[in-house]
Every structure is written in structure tokens, then in C-alpha cells.
Number of protein chains: 2
Amino acid sequence: MELGDRRPTLEDVAQLARVSRSTVSRVVTGSPRVSPHVRARVERAAGDLGYLPHAAARALAGRRDDTVAVVVVAGEREFAEDPYYGRLVSGVVDAAQEAGVRVRIQRTDEAYLADVPALSGSARFAGTVLVNVPHQLAGEVTFRDPRHMVSLGRSADPIAYANPDNVAGARTATTHLLAAGRSRIGMVAGPSDNSCSTGRALGYQSVLTAAGLRPYVVFADFTAPGAAAAAEGLLHARPDLDALFVASDLMAAGVLQTLAARGIRVPDDVAVVGFDDSVPARCTAPALTTVTHPVEQIAAWATLTSVSGAQPGSARIFPTALVVRGSST
Amino acid sequence: MELGDRRPTLEDVAQLARVSRSTVSRVVTGSPRVSPHVRARVERAAGDLGYLPHAAARALAGRRDDTVAVVVVAGEREFAEDPYYGRLVSGVVDAAQEAGVRVRIQRTDEAYLADVPALSGSARFAGTVLVNVPHQLAGEVTFRDPRHMVSLGRSADPIAYANPDNVAGARTATTHLLAAGRSRIGMVAGPSDNSCSTGRALGYQSVLTAAGLRPYVVFADFTAPGAAAAAEGLLHARPDLDALFVASDLMAAGVLQTLAARGIRVPDDVAVVGFDDSVPARCTAPALTTVTHPVEQIAAWATLTSVSGAQPGSARIFPTALVVRGSST
DNA sequence: GCGCGATATGGGAGCGCTCCCAGAGCAAGA
DNA sequence: TCTTGCTCTGGGAGCGCTCCCATATCGCGC
């Protein structure tokens, strides 16, 4: 058994166990068509040699890849700072582990989305999870069967997508503000081309309209400073607001800073409700009332579904719930 | 050119461009030994066919992999919630993009660290970044040349590592509290087996000791609730504390909650300084004084260094700086 | 005791690429 | 004109595996 510093291969294990390469392959892939006696011998030999299958060779010979690709469209700073992405990555990584696949992650700015296929190594991934990939550009990253792609954050027509129930969550949040006696309720939304953001705006608007009140939405960019500036503008245009619904907790943290800087008390003068139930919601003073949704679970579902194959165009909507804290009561 | 729904291969491009496979290979890998005329023809054919190189075949034939593996030892919840990991992932992902390599991410609990090699697909990675991998276990994940591994968060003897200057950062923070007139300064540290945590505790202790004061450290687990509980215990043992240095901002947010619940005013009764300068530091009220360090840059350095190869055992220490906000003044 | 199907094992082909070496083509010097 | 020395191109081998088919082996019923 002359290995040099070469890693052991199937062939080496086969030689040591005195069986053929094929038999070793059957053992390591868990095929049942091996006699227990031979199986044990092979397992022993593999263990002794410290054999580990070569992923690239498998992918090549088996015409498949055991990797889930995650493509996130977001700014560098946004990706680094918004707790949403940390939770998302965590959900994907853990689901993949469970499913026995590896995770490859890529972030890109919208302008460079077309480069993604070339950059991603172009393997035939077991699954692909698209995050915030704009509808019209989803085709550009279709480097695989659409059945094995799932979109998050924006719906991308021909492929499956998953989202929290943004509309219902926003309705609950807005209804809660109404029930707390607020009637001049503004909203700081996220980007207008993101379906999470628009869904939340829609829910908010529908409740206000049904109550005979006038909705007032400003759009920001899912960052705290962006939201702070947007809130500034909103407050300037409508100084009489008594409540603010904000499309993410990170943004809400920015809004709270604007309010504090203006000496506006929360919740006394203005009540604030966020969305996400992420870490910032629990750090602010007062703590944020927010809409909770299972980011990690959504990410896990997307991961597993992309691997097992989804009905293209199907959608999975996850429930939301209101968490009432000090910022609205 | 009969392709079926097969993806185009080098051979297909070669046929269309009327050259050999080798020549196409030279063109796509950017070898200079191709005449401009042929190069142009091949590039055109590749473009027409939408050719993308097959990563697995490359890795197999070229006996190398263009992937950086990231192994994070952290609890599921910790990984999802601590903004540190989001920034870390962001830094790695962007550096890898720049270096033209892909990123594979894995998280594991300490108990399962031994499974990592089997789970990671066992390729010969271009580089490996180990995060919080305990010293004595680093060997277990050595599925590649130690020259191509970089450790973060804990030093792992035979391989290179990078860290913020935890000792200096903690010294600065503690000195700042002293200068602000505080003298009964406690510390809530992270886990005692994490070199970031111990470095911070060391810096704190050295300053207090030099000033003739008695240090008081409790260890927690880098989570907000853990820190809140630890602070509770600390306050119980030393009710006269007038300042608290906390080893991370996320933990400091938990500590602030404990203080608020006990009716202790910040900074009037107790000043608080955190570490990391992450999102929670900017969300609390008052905002946290904290020690800033370039997490994304450290992660990027680790990524690039793991790929290019490091001196095993070498260490790179990144500077820290104090950011003074309301929680300490 | 012979044939039959079922089960276990071996070996060839080939996945798409890179590496290496051989050969073709060309310019310039003897 | 014939070499010498280059640059450019082609083709074979082989990376480590999976798939498929051929063959060996066994047990069982008649």
C-alpha cells in the first residue's frame, strides 16, 4: 500500500479490503447489495486508511452535485449588518447539514447579477436559493432546472417562492395600532421592488383604507440610516403622526433614533411597530413591538425544497404573529 | 452540433471553433500561448454556446479546488443571532468573490467537530477558515495543508490566526472608564476558552490591577440572555459597581436590560462599555460606548491568506479603537 | 441432481477537464 | 538550402468516481 502523501482513493480501499472498486463504492454510498461480511471488511479498510470520498469526482461521475447555491442580492453593508441575513444563512446552513448537502454562498449587487452564473462555478447544483433576485432577472441565474430553485424575498415568476405572510403581518400590526387608539399612522417601507416590502405596505394600506383613514407610505432601503432619513421626511410632511409602522426592525431602530433626536417620546407621542423580531427589536428602549416570522424556518424550507424539487411557480407562505412590547403601549 | 439538453462542454466549443479541446482550455483558463486570431474565434464559439466550465471536472483534473471552506463552531442560535457572524460571513464572501474562489460554509457544535471532515465533502480546498475551533481540536479538521488554514476567534497552534487586538481594545475601554471617574468596574466576559474573550478579560484585568483596583470578571456565553443572567449574578455579588465592561455588544444589550429591570440608570449609576461596534450598539438607549474592530476586514484577510498560504503559526492582529457613546458619559 | 432466478461481485466505459509531450509551422542565422 | 529555436496547436492519459452490464455464486424446487 504505497500511498505517498496522496489521499486514499476507492481503489486503495478496494485493494486493502481485497474487493473491487465497485464494491467499495457500494459500501460508501450505502447500497444494500453488499453482503454483511464484505461490508464490514470494506468499512474497516476505509477507516484504517482514513478514506473520504472525493466530492468533485463524485459530482463528475454521478452527473450531479451535492451543493446548494445561495445567491443573495443585497448591498455589501446591508448583507453584513441586517440580522435578517444572518438568520437566513443560519437556516440554510443547518437545513443543508440535515439534508447532507453543502452550502455555497454568494452575494451580489443587483447590477452584477448577470455575472452570477460564471462566478458560481456552474456546477449542476442540487438546489439553488435565490434571495431578493428581481423577477425579470431570475432567468439570468437559471443555471439549472427551475424545479430546483426557490426564490425568497421577491417572487420570480417561473420558480417556486417562499415568504412570510407579509400582508397578514402588516394588517395585524396596523390593526394593533388602531386598537391602541392611534389614527394618524404612517409607514416606512422597504424598497418598492421587493415583494416583502410591498406586501407589508399593502397590508398596512388595506387596514387604514378600510378604517376610512389615509395611508401614508415612504420608501427606504432596508437600512437604519435610510429609514432614519425617510422618517425625517415623513415627519416633516406629516408632523401630526401618532404612530409609525416600519417594514423591518433594523429600520425601526433608525426611526427610533430620528424620533429621539426630535424629542418625540415613544410610545407616548408616537407608537412604533417593526417587522422581523430580530435582535435590534430586543435592544431598543423601549423594546419594539414587532411582527415575528420564522426566518430560519423559511430558509430551511427553501433549502430542502430546492433540493427535493418544487412545483415551479408554487408559493409557500409562512405565518406571522404580533409581539407586543413597549414601543406601542 | 447536436447537444440535446446537455450542457456544452469544452469539446463542443472546440468543434464549433474548429480547434482542439486543448486550445479551448487554454483560452478559457487565460493562457497566453494562443494566437489572437484563434482566441477570438474560440471566445465567440464559447459565447454562442453559452459555455461555462464544469467546476467539478476542473477540480478533479486539476487536482485542486477553488473553494474556501468556512467552519464555524457556534451554537445554532448564537450563529443566527450574533451580528458578529453576519459580518464575518459577509467579509469572507466578498473577499472570496474578489479572489475568484467560491465559499462553502458549515456550522457545527463543538461536540460534533470531529464529523466536519466527512461532512465537508473532503475536497482539497483552496483554503479553510476556522472560526472558534478549539485549539486541541484543530487537528481533527485538518483535511488540508495547514499552510492553507487560518483560525479566527481561538488560536489553534499549528496554523495561522487572526484576531482583533483584544487586549489593547479592552485596555482602552477600561482606561476610558477609569478616566470617566469610575473605580468599581466589573466585567462580563465571554466563554473562558475563547481567545477573543480571554484577551479582553486580560486587558481589563491588567488595567485595573495597574491602577491598584480589584478586577471582577464573570463569564457568560456570548448571548444576550446569558450576559443578562451573568450581570444579575455580578450585581448581586457586588452591588456597588459603577461600571461594567462587557465582551460583546450583543451581551451588553442583555446587560442593559438587567440594569433597566433593576432600575439602575445608565450611565449615571453604572457606565457600560461593549465590544464589537455592531448593530445592537447603535440601537440601545443610551447608545453603547464600544470597542470597534474591523470584523469584515479580518474575515477577508483570513480568506485571502488561507488561499495564498500562510506561515503556519503566524498571527495577524488588527487594531481596535474606542467609540464613545452615551452609555459611558 | 439439474436448472432456474435471485443476489453478489468485478471490470469497462466515461463524466469534463488539465497536464504533458509531440509535432507542425515559421523566422532567422549559417 | 538546411538547420536551430522558437511559438502555436493537437491528442493521449488520467484525475476518482458512478453507472451499467457481465459474470460468479448461491439456494431452492422439481
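## Where the chains meet

In this predicted model, B:R107 and A:D94 form a salt bridge, with their closest N and O atoms 2.9 Å apart. Between chain B and chain A the count is four salt bridges, and ten residue pairs are in polar contact, both partners being at pLDDT 80 or more.

Which elements of chain B give two or more residues to the side that touches chain A? They are α4 (55–62), α5 (76–81), α6 (83–99), β2 (102–108), α7 (116–119), α11 (249–261) and α12 (279–283) of chain B. The largest share comes from α6(B), with seven residues. Sorted by class, this side of chain B has 23 nonpolar, eleven polar and twelve charged residues.

## How much is buried

The contact draws 46 residues from chain B and 46 residues from chain A. Together, chain B and chain A bury about 4,200 Å² between them, and 55% of that lies on carbon and sulfur atoms.

## The sheet of chain B

Chain B has an open sheet of four strands, in the order β7-β6-β8-β9, with parallel pairing. At its edges are β7 (217–219) and β9 (271–273) of chain B, each of which pairs on one side only. On average, neighbouring strands here are turned by 20° against each other, direction ignored.

For a look at one pairing, follow strand β6 (residues 185–189) of chain B: three bridges join β6(B) to β7(B), and the two run parallel. Here B:M187 stands opposite B:V217 in β7(B). Helix α10 (residues 224–237) of chain B lies across β6, β7 and β8 (243–246) of chain B, at about 150° to β6(B). Helix α11(B) lies across β6, β8 and β9 of chain B, and runs at about 150° to β8(B); α11(B) is also among the elements that give two or more residues to the side touching chain A.

## The sheet of chain A

In chain A, four strands form an open sheet in the order β7-β6-β8-β9, and the pairing is parallel. The edge strands are β7 (217–219) and β9 (271–273) of chain A. Neighbouring strands are turned by 20° against each other on average, direction ignored.

Strand β6 (residues 185–189) of chain A is joined by four bridges to strand β8 (residues 243–246) of chain A, running parallel. Which residue is the bridge partner of A:I185 in β8(A)? That partner is A:A243. Helix α9 (residues 195–210) of chain A lies across β6, β7 and β8 of chain A, at about 170° to β6(A).

How values were computed. Residues are numbered from 1 along each chain as its sequence is written. Chains are lettered from A and ligands numbered from 1 in the order in which they are written. This is a predicted model: local features need pLDDT of at least 70, side-chain atom pairs count only at pLDDT 80 or more; totals for chains, interfaces and linings use all residues. Side-chain values use heavy atoms; hydrogens and water are left out. Contact means heavy atoms within 4.5 Å. Buried area is the accessible area (1.4 Å probe) that two parts lose on being put together, summed over both. A salt bridge is a side-chain nitrogen of Lys or Arg within 4 Å of a carboxyl oxygen of Asp or Glu. A polar contact is a pair of N or O atoms within 3.5 Å; within protein, one must be able to donate a hydrogen and the other to accept it, and residues adjacent in sequence count only if both atoms are side-chain atoms. Ala, Val, Leu, Ile, Met, Phe, Trp, Tyr, Cys and Pro count as nonpolar, Asp, Glu, Lys and Arg as charged, and the others, Gly among them, as polar. Two strands pair if DSSP finds at least two bridges between them. Axes are lines fitted to C-alpha atoms, for helices over the stretch in contact, and angles run from 0 to 180 degrees between N-to-C directions.
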